[in-house]
Amino acid sequence: MKSILDKEFRAIRVEEVATGKFDQQVVTRHVRDLPANSLLLSVSYSSLNYKDSMSAFGNRSITREYPHTPGIDAVASVLEDKTGAFSPGVELLVTGYDLGMNTSGGLAEVVSVPQGWVLPLPRGLSAWESMALGTAGLTAALCVDRLLEAGAVPQDGEVLVTGATGGVGSIAVALLANLGFRVAAVTGKLEAADFLTELGAWKVLDRDTLAPFANKAMAKPLWAWAVDTVGGETLFNVVKSLAYGGGVAACGMASGAQFHANVFPFILRGISLLGVDSVELPIANKSAVWQKLADQWYIGDKLKLIAEDISLEQAPEFLARLHRGHGIGRYVVNMA
Ligand code: NDP
């Protein structure tokens, strides 16, 4: 009799085909080749995040060994649970931890994960919506949470969002606008200004708006708060242009991991640099933020504008787009 270990499934496989050259293809894999974790899950949807594009193009700080199946997000039903906690068919959500980094990831019809990485699909969210949000949505919500904890209220003034057309950026724009904030959306894609306005942006600014601040120790105070998904010099240009007592939730590195700073915005304006991590966040905290996304922060209608369905076969093309910074919104990978 065939065991579940003989089951075949489709998956993206990233392979180093020549030194430093990585290729992404849909291949057939076997369950027996997955890590032996307690939960075996059948994936209905995954999604594409910037980190997946880094893994798909050979960034060894994300993925050490190839061939590899990326995918840091998955919504999936239980095929087998060795712990007995979940019955077959129960829908679970997995984002972050090591999924898709050095553990075979969600860009596949089957994943094997430890019980500590999963959450029941939050009440009020469909499987599709959970992946339209995905790690990007969780991260955007964590950024908003950090700003609110720091005391942000709409009366303070404008909130800047950088990398605004990206996954994290577009969801941050939608969440902040729904909470009544006036959002200044910064983008390198002015042709997508209508998209950002539809999500609720108050104004749309070209990425170059921030560039002149690079030559100054401080800039004019322009924004009360900010969400920065871009990192690099952009992050410190944002810090320099925040008004007294403001803060920036920093989550990304799309333009680079390093920036040059001085202490003036911190000691003269009391600016706060608020770090955000969605990956290793304890599962109970993840669960609480997911439940907010399903309840008071639900952006269901806007998700239909933000997210586009693609097939597993299309994933390589769209991963390349994200890698070049050319993505707009979110890409939900439909395994059907
Ligand atoms: P996306 O690829 O969807 O979006 C990134 C956006 O950043 C682009 O669409 C573009 O937006 C902007 N951008 C890209 N390159 C540059 C550049 N050179 N200079 C300035 N802006 C640029 O990525 P995600 O939304 O998935 O992720 C955004 C960032 O957040 C990534 O760095 C990712 O690693 C990080 N992240 C961090 C998490 C955490 O837990 N801390 C979790 C999830 C993501 P536009 O054209 O509109 O400017």
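# A guided tour of the predicted model

Begin by selecting β9, helix α4 (residues 193–199) and β10, which together form a right-handed β-α-β unit. A crossover is called right-handed if, with the strands pointing away from the viewer, the path from the first strand over the helix to the second runs clockwise. Helices (H or I, at least four residues) and strands (E, at least two) are DSSP runs, numbered from the N terminus. Residues are numbered from 1 along each chain as its sequence is written. The model is predicted: local features need pLDDT of at least 70 and side-chain atom pairs count only at pLDDT 80 or more, whereas totals for chains, interfaces and linings use all residues.

Remain with the two strands of this unit. Strand β9 (residues 183–187) and strand β10 (residues 203–206) run parallel and are joined by four bridges; strands pair if DSSP finds at least two bridges between them.

Next, colour the chain by its division into domain 1 (4–121 + 304–334) and domain 2 (135–275), bounds that come from an automatic or database domain assignment. Their C-alpha centres lie 30 Å apart. Across the boundary, 13 residues of domain 1 are in contact with 16 residues of domain 2, contact being defined as C-beta atoms, placed from the backbone, within 7 Å. The side of domain 1 that touches domain 2 consists of five nonpolar, six polar and two charged residues. In this division, Ala, Val, Leu, Ile, Met, Phe, Trp, Tyr, Cys and Pro count as nonpolar, Asp, Glu, Lys and Arg as charged, and the others, Gly among them, as polar.

**The ligand**

Now select the ligand. Why does it lie between the domains? Domain 1 and domain 2 both give residues to the shell around the ligand, so the ligand lies between them. The shell holds 32 residues, of which the closest are Gly 163, Gly 166, Gly 252, Ser 255 and Gly 325; a residue is near a molecule if its C-beta atom, placed from the backbone, lies within 6 Å of it. Eleven residues of the shell are nonpolar, 17 polar and four charged. Helices to display here include α1 (50–56), α2 (127–149) and α3 (167–178), each supplying at least two residues of the shell.

Follow helix α3 to Asn 178. Asn 178 is partly exposed because it has 16 C-beta neighbours inside 10 Å; a residue is buried with 20 or more other C-beta atoms within 10 Å of its own, exposed with 12 or fewer, and partly exposed in between, the C-beta atoms being placed from the backbone. Beyond its neighbours within four places in sequence, Asn 178 is in contact with Gly 200 and Ile 299.

Then move to Glu 149 in helix α2. Buried or exposed? Glu 149 is exposed, since 11 other C-beta atoms lie within 10 Å.

**Backbone details**

Strand β1 (residues 8–18) and strand β2 (residues 21–30) pair in the antiparallel sense over ten bridges, and Val 14 has Gln 24 in β2 as its bridge partner. Two residues stand between the strands of this hairpin, where Gly 20 takes a positive phi near 75 degrees.

Finally, select two further places. Most residues other than glycine have a negative phi, and most peptide bonds are trans. Tyr 97, which is not a glycine, has a positive phi of about 50 degrees and lies in the loop between β5 (91–95) and β6 (110–113). Tyr 66 and Pro 67 are joined by a cis peptide bond with omega about 0 degrees, and Pro 67 is found in the loop between α1 and β4 (73–81).

Terms used: Two residues are in contact if their C-beta atoms, placed from the backbone, lie within 7 Å.
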